[in-house]
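Please take a moment to look over the sequence and the fold together before reading on. The paragraphs below go from a strand to its partners and then to the helices.

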Amino acid sequence: MKLKGKELLIIDDDPDLRAILRKILENTGMVIKEVGTIEDSFKIIAERIPHIIFLDMHLNGESGLDFLRSREKSPLLQKIPTIMLSVETQKPLVGTALKLGVTDYIIKPLQRSGAFKSSCFKKLSGSLKVFT
């Protein structure tokens with residue numbers, strides 16, 4: 001699956017993490033948009049539906065699970081592959097995210113290593129195959 005030209009939305013309140021993801025993914029040719037709040041994410045989505053979303057579990061005063069519950073109201077948004085980013089490894093929390101439609105789950109902290117990049121690209125490509 002070619003990533004070039006695909007649109008990625010990063011929803012994370014940590015600008016440093018967004019910068020790391022952007023750096024990791026900048027050579028894919030993807031169009032990368034980033035926001036720090038759920039409210040801002042829906043503004044971006046209203047303008048143009050992304051091909052894939054990277055979603056933080058814990059946003060400042062919000063939860064990525066709140067985003068997932070909100071998107072359940074829209075059949076179109078439910079189809080967007082969403083990769084959850086989190087330090088959480090507790091099975092109940094991960095299970096809830098998966099039940100709410102998360103396509104995949106990446107444990108933080110993110111690494112800039114080649115292995116992480118390879119894994120990230122595989123997850124992106126695999127998720128996009130489901131969507132397109």
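A residue is called buried here when its relative accessible area is under 20%, exposed when that area is over 50%, and partly exposed in between, as judged with a 1.4 Å probe on protein chains only. This is a predicted model, in which local features need pLDDT of at least 70 and side-chain atom pairs count only at pLDDT 80 or more, while totals for chains, interfaces and linings use all residues. Residues are numbered from 1 along each chain as its sequence is written, and side-chain values use heavy atoms, with hydrogens and water left out. Helices (H or I, at least four residues) and strands (E, at least two) are DSSP runs, numbered from the N terminus.

Strand β3, residues 52–56, is mostly covered, with five of its five residues buried. In a regular strand the side chains alternate between the two faces of the sheet. In β3, I52, F54 and D56 point one way while I53 and L55 point the other way, and all are buried.

Which strands does β3 pair with, given that pairing requires DSSP to find at least two bridges between two strands? Strand β1, residues 7–11, is joined to β3 by four bridges, and the two run parallel; within this pairing, I11 has L55 of β3 as its bridge partner. Strand β6, residues 82–86, is likewise joined to β3 by four bridges in a parallel arrangement, and here D56 is partnered by L85 of β6.

The helices can be followed next. Helix α2 (residues 38–47) and helix α3 (residues 64–71) pack at an angle of about 40 degrees with their axes 10 Å apart, where axes are lines fitted to C-alpha atoms, for helices over the stretch in contact, and angles run from 0 to 180 degrees between N-to-C directions. Angles under 35 degrees count as roughly parallel, over 145 as roughly antiparallel, 65 to 115 as roughly perpendicular and the rest as oblique, and α2 and α3 are therefore oblique to each other. Where they meet, with contact meaning heavy atoms within 4.5 Å, I38, S41, F42 and I45 of α2 face D66, F67, S70 and R71 of α3.

Helix α3 also packs with helix α5 (residues 91–99), at an angle of about 25 degrees and with the axes 10 Å apart, and α3 and α5 are therefore roughly parallel to each other. Their contact is made by L65, L68 and R69 of α3 together with L93, T96 and A97 of α5.

Terms used
Two strands pair if DSSP finds at least two bridges between them.
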